[in-house]
Every structure is written in C-alpha cells, then in structure tokens.
Amino acid sequence: KCLPQRLISVLNYRSPEKLLAQRAKWLLNELAIKMHFAKSRGKKSLFETWMHQEALLVQDAAMAYGKEIIAKELSEVEQKENHPLLAKIKELDGLAAIDEDMAWYSQQGLVSKRHAKKIKSAIARLCRHLATESESILDGFDIPSHLQYAPIVKDWQQFNEKENDNQGEIIKNFSPTASPDVQHINQETVA
C-alpha cells in the first residue's frame, strides 16, 4: 500500500506522470473490485451500484485516467520537441494535478507532508517562471487577434501601470448607448 520514501521523492519530482498513473490504476482497481462484489452478491444491479453507490468513485477514476492521459501526451510532446518551456508546462501540469488530489495522495501514504509543501513551492516557482513567458505561451495557441478582445491582452504591463487608471478594465470613451446593438435593445425595452 505504501511506497518507500525514496521512490516517492523520485515519483514526485522527476516524473509526476508516474504518480498520476499510480492513482488512476489504484482507483480503477478499487472500482473493479466494488463492481465485482456487487455483481457476485446479486442484490442490486450493476447499474444501481455504478450510478448510485459508486458514482463518486466512477468520476474520480475517470478524472484520474484523464489526468494520466494528459501527462503522457505532454511527456511525448515535450520529448519530441525538446523545448525547455514545454518541460516547465509539463512539470506544472503534473504537479498541479497531484496537488489537486493531495488529500488522496496523503491518505494513501504516497506523499508526505514535507513533500506536499515542496510540491506547493515548486508550483509557485513554475508559475512565476511561466508568467514571464506568458506571451510566448499564448502565441503558441495562435489565437486570432480579433478574438483577443480584452484590453489587458495586448500589453498587460502597460495596462496595469499605476499611472494608467484602468478602472477595472473600463474602456475609455465607451458608452453603452453609443453602440447600435445596445440602442436597439434599449428602444425595445422602453417600448
């Protein structure tokens, strides 16, 4: 049930995808056992067990499997592209997925309190690093400029300067009544 401490450290920091795969396998096995017992007892239908008694476990197993697949795909892309930014994104995604289910990992003895703190610190460090690369990351999605409508998208540093009071992203010289669509709506509601 518990893994040796040295192995836990390796799983956490060198390849979070292995720990994510461990959780997915564990939950799927637990679900399989519970479904087997439900079938062998014959008191309730498999549907009843699946939908009513084990619905949370079904959802947890599905989410864990999804996280495992994402981690594997990110690993393959990162190895293929061999780009340091992808390595950081992969690491952040894996550690964030582990952190999201930290209670489960702790209950199973897979992550100690000390390692949980290290994971939190690593996530914060990666976020700080990736924040400086946010424009490059967004450019990688190739989002057309006409879909980048928020004023903060163009130059977030200039947008947040203290001298430039943006009043919560209010666009200067914008009047809702100046828009033909809004005027049409206002005329309909008045009439």
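Helix 5 (84-100) meets helix 7 (residues 113-131) in this predicted model: Leu85, Lys88, Ile89, Glu91, Leu92, Leu95, Ala96, Ile98 and Asp99 in helix 5 touch Ile119, Lys120, Ala122, Ile123, Arg125, Leu126, Cys127, His129 and Leu130 in helix 7, where contact means heavy atoms within 4.5 Å. By class, this contact divides into 12 nonpolar, 1 polar and 5 charged residues; Ala, Val, Leu, Ile, Met, Phe, Trp, Tyr, Cys and Pro count as nonpolar, Asp, Glu, Lys and Arg as charged, and the others, Gly among them, as polar. Local features here need pLDDT of at least 70 and side-chain atom pairs count only at pLDDT 80 or more, while totals for chains, interfaces and linings use all residues. Residues are numbered from 1 along each chain as its sequence is written, and side-chain values use heavy atoms, with hydrogens and water left out.

**The overall fold**

- The protein has 11 helices and 0 strands; helices (H or I, at least four residues) and strands (E, at least two) are DSSP runs, numbered from the N terminus.
- Of the 191 residues, 25% are buried, meaning under 20% relative accessible area, with exposed over 50% and partly exposed in between (1.4 Å probe, protein chains only).
- Looking at contacts between residues at least 6 apart in sequence, 61% join residues at least 24 apart.

**How helix 5 packs**

- Helix 5 and helix 7 pack at about 145 degrees with axes 9 Å apart; axes are lines fitted to C-alpha atoms, for helices over the stretch in contact, and angles run from 0 to 180 degrees between N-to-C directions.
- That crossing is left-handed, the term for a near helix turned anticlockwise from the far one by less than a right angle (right-handed if clockwise).
- On helix 2, Pro16, Glu17, Leu19 and Leu20 meet Lys90, Glu91, Gly94, Leu95, Ala97 and Ile98 of helix 5, a contact of 6 nonpolar, 1 polar and 3 charged residues.
- The axes of helix 2 and helix 5 come within 9 Å and cross at roughly 35 degrees, and this crossing is left-handed too.

- Helix 4 (residues 55-81) has 27 residues and should span 39 Å at 1.5 Å a residue, which agrees with its end C-alpha atoms being 39 Å apart; the expected span is 1.5 Å times one less than the number of residues.
- Its buried residues are Leu57, Val58, Ala61, Ala64, Lys67, Glu68, Ala71, Ser75 and Glu78, and their cover includes helix 2 (16-41), helix 3 (46-53) and helix 5.
- Helix 2 packs on helix 4 at an angle of about 150 degrees, their axes 8 Å apart.
- The two, helix 2 and helix 4, are therefore roughly antiparallel (angles under 35 degrees count as roughly parallel, over 145 as roughly antiparallel, 65 to 115 as roughly perpendicular and the rest as oblique).
- Helix 2 passes helix 4 in a left-handed crossing, and their contact has 12 nonpolar, 1 polar and 7 charged residues.

**Around the end of helix 4**

- Glu78, in helix 4, counts as buried at 14% relative accessibility.
- Leaving aside neighbours within four places in sequence, Glu78 is in contact with His83, Leu86, Ala87 and Lys90.
- Asn82 lies in the loop between helix 4 and helix 5 and is exposed, with a relative accessible area of 62%.
- Although not a glycine, Asn82 has a positive phi of about 50 degrees.
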